[in-house]
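Here's a quick briefing to read with the model open beside you. Take it one topic at a time.

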Amino acid sequence: MKLELKGISKAFGTFYANQDIDLVVESAQIHCLLGENGAGKSTLMNVLYGLYEPTAGQILVDDRPVSFRGPADAMAAGIGMVHQHFMLVPVFTVAENVALGAEPTSFGGVLSMDETRTKIREISKKYGFDVDPDALVEDLPVGVQQRVEIIKALVREAKVLILDEPTAVLTPQETDELLDIMRQLKAGGTSIVFISHKLREVQAVSDVITVIRRGKVVGDAPPTASATELASMMVGRPVSLSLDKAPAQPKETTFVVENLTVRAANGTNVVDGISFDIAQGEILAVAGVQGNGQTELTEAILGVQEHVTGSVTLDGKQLLGLPVKEVLRSGVGFVPEDRTVDGLVGPFSVAENLVLDLYDQAPFASGISMKPAKVVENAKAKIEEFDIRTPSAGSAAGTLSGGNQQKVVMARELSRPLRLFIASQPTRGVDVGSIEFLHKRIVAERDVGTPVMIVSTELDEVVELADRIAVLYKGKLVGIVPADTPRDTLGLMMAGVGPEGGSDDK
Amino acid sequence: MSATSTASAPGATALPAFRPSMKVPLTLGVLAVIALVFFGLLGPGQTAEMKISDPGDAVAVPALLIPGQVGGIVLGILLLAMAAYSIYLWTRNTRSPRWLPIAFSVVFVFAVLLWIVAGARQPSISLAGLIAGSVTLAVPLVFGSLSGVLCERVGVVNIAIEGQLLGGAFTAALVATVTGSPYVGLLAAAGAGAAVSMVLAVFSIKYLVNQIIVGVVLNVLVSGLTGFLFGTVMAPNKDQFNTPGRLDILPIPLLSDIPIIGPILFKQSVAGYLMYVAVAVVWFGLFKTRWGLRVRAVGEHPQAADTMGINVNATRFWNVTLGGAIAGIGGAVFTLVTIDSFTKEISGGRGFIALAALIFGRWNPIGAFLASLLFGFAYNLQSILGIIGTPVPSQFMAMLPYLVTIFAVAGLVGRSRPPAASGIPYVKG
């Protein structure tokens with residue numbers, strides 16, 4: 001099936017999220033839409049899927065113009081979509097989720113789920129998915145949930161499958177598996193629109209790449225285009241993808257974690273006897289698949305976890321048991337993994353967010369009163385220094401793009417003299433241009449002699465930033481290895497296999 | 001640290017230290033001791049008579065004669081045994097099974113009943129009458145909580161159950177009087193409930209007004225409106241507007257003579273039979289049909305439903321309307337079954353009790369039905385105990401079942417999870 005978009009525009013008020021976009025998806029091709037966060041890729045796909053009505057333009061299926069009044073029309077035309085945030089009902093079974101909207105029923109609308117179960121098993125078998133039709137979706141790992149989404153589209157006989165940032169939530173292994181599935185689908189005649197901002201994946205799997213920037217098509221590129229070329233097209237200016245980083249000059253070891261254990265409410269140890277240290281002027285990157293204790297580890301150091309045992313010392317001072325405020329006052333800068341929940345107060349202004357930790361101290365306060373003029377003054381300086389793109393210092397932080405929100409958090413945390421800097425997922429959901437900037441700031445902080453701890457599930461980022469790499473698996477430390485350790489070894493360590501090969505004791 | 005154990009059995013070493021919450025064993029233990037000491041050892045000396053069949057029944061079953069103190073001790077020991085079993089399970093790191101707190105509650109309530117009856121001036125009570133009366137009083141509650149289940153399952157919080165009941169009660173009385181047929185009144189009540197619900201639906205779904213606020217305002221509005229019309233129209237012209245007559249009791253031959261369950265199941269008015277049908281139909285519909293799957297999807301994850309081509313807001317609108325119609329029928333029970341005329345505020349807060357029943361029943365039609373029965377039992381106990389002359393002040397008696405409910409909800413049932421999108425309006429995009 002050939003799908004064509006002609007001159008599609010979508011405006012929200014006066015803002016054009018898409019402007020005059022032309023796109024042709026040929027049959028049995030993987031067509032990649034590459035663009036930064038906020039470039040308008042998802043909006044375009046929502047138009048294509050009937051969720052939004054285009055302001056102008058036309059959609060053609062096999063050269064016949066169609067108009068979709070809702071997702072049902074799009075599905076009927078053979079278009080399926082896997083959304084970035086899964087559209088699955090957590091308390092339903094796989095079969096119920098797959099059936100929803102096109103339920104096979106017997107007399108009187110009574111569900112007959114057996115038909116759906118059979119179809120799920122057929123598709124699972126064909127593509128090597130391991131999906132139990134009767135499992136509750138909320139009990140499934142993210143990778144499997146994504147397969148349920150794909151099954152949903154396939155059961156409806158989708159000829160064009162839209163995958164919106166499908167790898168954002170996946171581990172490196174799961175990503176490779178997904179790319180294989182995409183190739184299989186293509187071989188079976190399904191076209192795929194693959195939306196991503198990750199160059200490596202795009203290069204690996206695409207037949208055609210269309211780059212979108214600020215709601216407009218910049219141009220097409222062949223999959224053989226280099227990463228630097230693609231990144232420059234996305235951002236609109238030359239980008240350097242490799243970080244110029246001088247070798248670390250570790251000095252005194254001032255941050256020591258010994259035998260740290262965090263017990264979760266269900267009685268398991270989510271962090272289990274972890275010991276490591278970081279020297280001044282060194283970056284330790286903690287790698288691992290999401291959910292292996294990284295969150296709890298950083299939160300335990302900050303003091304927001306309960307049931308923590310062991311020892312965390314900074315400059316010889318015990319941090320465990322101190323209130324969070326005391327920990328911060330000891331010189332700890334902390335960038336939380338989810339900026340929208342823990343890093344920022346969305347409705348507060350950028351200026352206010354920049355002093356969330358210092359609002360009660362001079363120069364921003366005296367006695368019980370705050371000094372708004374000083375807060376704004378500080379904000380202007382930080383906006384300049386960190387290149388935060390915001391309409392004004394008074395704009396609500398929640399309205400900024402992901403990259404700029406992250407810059408606000410980073411600017412705040414780096415605005416005090418630090419004795420330790422912890423950044424969790426520092427560039428998650430951040431555009432390429434901002435990643436470069438944020439990475440440079442992190443290295444700069446190392447170079448002034450701060451011990452730096454980075455937690456990231458992106459192996460690229462870990463390898464890029466680290467002087468040493470610590471790998472977590474199910475709450476335990478698999479090992480600490482040098483930064484030049486081969487990616488394959490790191491991948492295995494992330495699956496729990498020790499660094500010296502095999503399963504030796506160390 | 002061993003890499004072997006890391007790879008093979010992670011977390012397994014930490015498990016022996018895991019303990020389930022001791023809330024259930026502790027609650028059961030304390031209640032059992034209270035029962036044994038107060039209802040047993042310090043229990044009343046009289047023998048309580050618990051009649052199982054009525055004199056007119058075809059099958060006569062002899063009454064239960066239970067000595068107050070001995071019975072209290074026996075029940076207390078039974079409760080203690082159940083609590084001990086729960087504590088034993090706790091020491092073995094096992095959670096108590098679901099039936100245990102429920103069985104415990106039933107025995108506990110029976111022990112309370114025995115204690116009160118044996119301490120009364122006239123230590124005799126008809127169990128059959130007690131239960132049948134509970135069911136009768138529960139009928140409006142069941143309809144009300146079913147309305148709540150339907151609305152919340154589709155994602156709209158229905159605080160207006162009280163208003164729907166009251167609107168139904170008023171309309172049923174008025175229309176039944178004017179047309180001379182209680183059955184037409186019953187239908188009209190459903191329409192009135194639906195009308196109240198439509199206001200809730202329009203404002204909360206289309207105009208995105210806070211659902212709680214619309215609901216509360218509707219309750220006040222309906223109360224004021226019916227109160228005004230009652231005072232100006234109904235009360236001065238009682239014969240013309242407020243003598244609806246009753247729905248006939250339609251006993252099913254033979255079956256209605258079975259002791260205890262006969263009168264409950266087979267000696268009801270149309271509204272009573274309709275209640276059983278409604279519970280079954282709503283349950284089957286919600287969990288076994290396409291309609292129910294869509295309703296639940298809309299209440300749990302409206303966006304997922306939308307992307308599967310389901311019209312979220314239309315589904316919500318019609319379900320809320322249907323819920324209102326069901327509550328309206330419940331309201332008709334006040335004026336067509338319980339008594340045969342409308343008075344101001346006749347629903348008397350039952351709508352809010354129905355709301356509690358729906359939460360206690362975990363957003364499940366059958367759960368809501370059972371919870372409503374418990375509250376119906378509470379209402380009935382209050383009046384019956386007043387008749388047999390218990391020394392305990394009736395206000396305290398009326399409180400007891402609610403206290404049990406609070407214990408049950410907080411300590412025994414555990415955390416229940418409402419539909420994820422309940423109360424959250426759906427805006428596309």
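Two strands count as paired if DSSP finds at least two bridges between them. Keep in mind that this is a predicted model. With that in hand, here's a sheet in chain A, then the domains and a helix pair in chain B.

**The sheet in chain A**
- Four strands of chain A make up an open sheet in the order S12-S11-S14-S15, and the pairing is antiparallel.
- Strand S12 (269-279) and strand S15 (317-318) of chain A sit at the edges with a single partner strand each, so one side of each has no neighbour in the sheet.
- Look for Thr313(A), which stands opposite Gln318(A) in S15(A).
- Helix H9 (residues 294-302) of chain A lies across strand S11 (253-263), S12 and S14 of chain A, and runs at about 65 degrees to S12(A).

**Domains in chain B**
- Chain B splits into domain 1 (23-119) and domain 2 (130-377).
- Between the C-alpha centres of domain 1 and domain 2 of chain B there are 34 Å.

**A helix pair in chain B**
- Helix H6 (residues 161-179) and helix H15 (residues 350-360) of chain B pack at about 130 degrees, their axes 7 Å apart.
- That angle makes H6(B) oblique to H15(B), and the crossing is right-handed.
- On the H6(B) side you'll find Ile161(B), Glu162(B) and Leu165(B), which meet Arg350(B), Gly351(B), Phe352(B), Ala354(B) and Leu355(B) of H15(B).
- Sorted by type, the residues of this H6(B) and H15(B) contact are five nonpolar, one polar and two charged.

Conventions: Residues numbered from 1 in each chain as written. Chains lettered and ligands numbered in written order. Predicted model: local features only at pLDDT ≥ 70, side-chain atom pairs only at ≥ 80, totals over all residues. Helix = DSSP H or I, 4+ residues; strand = E, 2+ residues; numbered from the N terminus. Contact = placed C-beta atoms within 7 Å. Axes fitted to C-alpha atoms, helices over the stretch in contact; angles between N-to-C directions. Domains from an automatic or database assignment. Parallel < 35°, antiparallel > 145°, perpendicular 65-115°, else oblique. Left-handed = near helix turned anticlockwise from the far one by under 90°. Nonpolar A, V, L, I, M, F, W, Y, C, P; charged D, E, K, R; others polar.
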